Amino acid sequence: MTPLDGLAHRPLRPIWLCRLDANPWPCGEAKLVLLAAFADDRPGLLALLSTLQREAEDHLTQLDSGRSNNLADRFLSWARPPDR
């Protein structure tokens, strides 16, 4: 079982759109659910998202004739803890 198994707003691979609302994944709802699920483990959330980002970059690069996709903002920027 993976952390995404219970998530309604899961990615549709290899195009990385949300299966439910067709927005780029992680969509807004997925972000909210993931933040809540990893509320006490932000490093774990960032590790998961980093792994998924690499997978998405591989898929999307293959689909886009080898053109590189930088997905750091899409996958990681929203999950970083706020500056204190």
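1. His59 is placed in helix α2, which spans residues 42–63; helices are DSSP runs (H or I) of at least four residues and strands are DSSP runs (E) of at least two, both numbered from the N terminus. The side chain of His59 makes a polar contact with the side chain of Trp16 at 2.9 Å. A polar contact is a pair of N or O atoms within 3.5 Å; within protein, one must be able to donate a hydrogen and the other to accept it, and residues adjacent in sequence count only if both atoms are side-chain atoms. Leaving aside residues up to four places away in sequence, His59 touches Arg13, Pro14 and Trp16, where contact means heavy atoms within 4.5 Å.

2. The model is predicted: local features need pLDDT of at least 70, side-chain atom pairs count only at pLDDT 80 or more, and totals for chains, interfaces and linings use all residues. Residues are numbered from 1 along each chain as its sequence is written, and side-chain values use heavy atoms, with hydrogens and water left out.

3. Trp16 lies in the loop between β1 and β2. Although Trp16 is not a glycine, its phi is positive, at about 55°. Trp16 is buried, with a relative accessible area of 0%; buried means under 20%, exposed over 50%, and partly exposed in between (1.4 Å probe, protein chains only). With residues up to four places away in sequence not counted, the contacts of Trp16 include Pro24, Trp25, Leu52, Leu60, Arg74 and Phe75.

4. The largest nonpolar core has 20 residues. Such a core is a set of buried Ala, Val, Leu, Ile, Met, Phe, Trp, Tyr and Cys residues joined through side-chain atoms within 4.5 Å. The residues with the most contacts inside this core are Trp16, Trp25, Leu34, Leu49, Leu52 and Phe75. Helices α1 (28–37) and α2 are the elements that give two or more residues to this core, and α2 supplies the largest share, six residues. In soluble globular proteins, nonpolar side chains tend to be buried together.

5. One joins Arg13 and Pro14, with omega about 10°; Pro14 is in the loop between β1 (11–12) and β2 (17–18). Another joins Trp25 and Pro26, with omega about 5°, and Pro26 belongs to the loop between β2 and α1.

6. Ala22, a residue other than glycine, has a positive phi near 65°. Ala22 is found in the loop between β2 and α1.
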